[in-house]
There are 2 protein chains.
Amino acid sequence: MLADVARYAGVSTATVSRTLNEPDKVSAQVKARVQTAVKKLTYVPHGAARALASQRSHATGIVVPTLRAGLFAEGVEALQRRLEGSSYTLLLASSQYDPQIELKEVHTLVEQGVDGIALVGNSHLQQVYDLLRGKRVPYINTYFYTKDSPHPCVGVDNRAATYRLTKILLDLGHQDFSIIASPTQNNDRAAERIAGVRACLAEHDVKLSPSRILEVPNQISDGRAALKALLDAAPSITAVLCRRPFRSPQSRRCGATKAVDHRIR
Amino acid sequence: MLADVARYAGVSTATVSRTLNEPDKVSAQVKARVQTAVKKLTYVPHGAARALASQRSHATGIVVPTLRAGLFAEGVEALQRRLEGSSYTLLLASSQYDPQIELKEVHTLVEQGVDGIALVGNSHLQQVYDLLRGKRVPYINTYFYTKDSPHPCVGVDNRAATYRLTKILLDLGHQDFSIIASPTQNNDRAAERIAGVRACLAEHDVKLSPSRILEVPNQISDGRAALKALLDAAPSITAVLCRRPFRSPQSRRCGATKAVDHRIR
DNA sequence: TTGTACGCGTTATCAT
DNA sequence: ATGATAACGCGTACAA
């Protein structure tokens, strides 16, 4: 502990603490002695003690629906790498798309004293927001963005994106649409994407019956089956708005959704 | 804090602490009062203080090479889910297959006071092991297993697996082998897989020239290109030991590697 | 620039 | 069963 280092270096614990946290406020002479002592004793600061004394944990948290989606796995890794440079650690939790589990995870993270927390999407239990506000824990909703969100958020404006995609397809002359979407249960991003399409079509008086919107799991095989089902039921379809398998960052440049605007088959 | 709850419930902080941690040692009467107070004040324990006093953080850490590999993403998620039940949190770090970064990450985790740590593979800088032993932090190497490992480890015995696969191919009559492998740089699992094949072939006096072993990135496109290159260079090849894209748990049942034992093309 | 000493919020020991 | 109180290891006014 600090005391050992202090004794070894022949200084006070305060000085050791300073050399570690505010090196400028220490003379070169003493600084050197302390640093030697630190190495000699392989001193490792006690995070909990430090957190208790300074009231900050040097840890942040993120809770994602799942890591099985490449999208989130990559986001988590990116965050961790960014944090690494600042000697901040990342507490990870996953909710399995279950709001209750998410609440529990957030609570655990708050208990651990994270200095900030990242969530996915904008829809969370009121208790989550209450807890965060109550404990004054900064938070941000990711993978989501709307101009008028009441919460801090960063990400794709899914609704706007699909609105634009749909507009393009309309301009190309398409009139017969359908959507292969992700399950919208506890997934506001997926819901927003559908909403964007509906809004655009409605604005242009193009019909989109519920049967043309298929919500299926994010597996390639499910998407394939859905497409087949759609075309079997309505061969007249010329435009399908669908997801795309997650690949490299480059291949994602165009946004959250891919539009197929050529004749199928 | 505890004191507030204690005051509200009209008991000492010690009693509050007990009702929270050792409910049995508290009378039903008092327990009820305390629990009401806790809810009324939305009390949330201070993790750092608790860690400092009890000398355990209720946190564990894992450092993986990357989350971009579905294999690791899934492992991390599985660990997190398992921990969730025990109200343990997971500190996540990724090393990008860089031993130095890994050392740094481990150091950060130790600093945070994790109660235990999981690594990937068996090959780590000596300093990593020294640090872990020095600070008495329990650790385990995952995605790796050999009977005689000097370190605690759990996972696939890659060498044994590929040895057996190769044996099967030999028994089927194959004599002309090649391997499409992952980069073995800082990846003892990949190295072990190759070693297993070599060992088996050597034992049966079958040659495998270095040019028949291609180490390429874990992308489907890279694997495809490698296969093409191999067959162009040596059409006589009848068996290729290669990786396979990560899918669902079910499809992984057979082990770490896939063997192609039919004629190609 | 350096040292002293108190406080951070719990747990745990020892009385009661 | 419950309470008083001393650690836990460090940061940080405040003093020197």
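A polar side-chain atom of B:Asn21 lies 2.8 Å from a phosphate oxygen of DNA strand C, a polar contact being a pair of N or O atoms within 3.5 Å. This is a predicted model, in which local features need pLDDT of at least 70 and side-chain atom pairs count only at pLDDT 80 or more, while totals for chains, interfaces and linings use all residues. Residues are numbered from 1 along each chain as its sequence is written, and side-chain values use heavy atoms, with hydrogens and water left out.

Chain A also reaches the phosphates of DNA strand C: a polar side-chain atom of A:Ser27 is 2.7 Å from a phosphate oxygen, and a polar backbone atom of A:Ser12 is 3.0 Å from one. Sugar and phosphate make up 65% of the atoms of DNA strand C that come within 4 Å of the protein. H4(B) gives the most to this surface, with four residues.

The two protein chains are copies. A rotation of 180° with 0.1 Å of shift along its axis superposes chain A on chain B, with an RMSD of 0.1 Å, by least squares on the C-alpha atoms of residues with pLDDT of at least 70 in both. The copies are therefore related as by a two-fold rotation axis.

Within chain A, helix H1 (residues 2–9) and helix H2 (residues 13–21) pack at about 100°, their axes 8 Å apart. H1(A) is therefore roughly perpendicular to H2(A), a term for angles of 65 to 115 degrees.

Note on methods
Chains lettered and ligands numbered in written order. Axes fitted to C-alpha atoms, helices over the stretch in contact; angles between N-to-C directions. Helix = DSSP H or I, 4+ residues; strand = E, 2+ residues; numbered from the N terminus. Parallel < 35°, antiparallel > 145°, perpendicular 65-115°, else oblique. Near = heavy atom within 4 Å. Polar contact = N/O pair within 3.5 Å; in protein donor to acceptor, adjacent residues only side chain to side chain.
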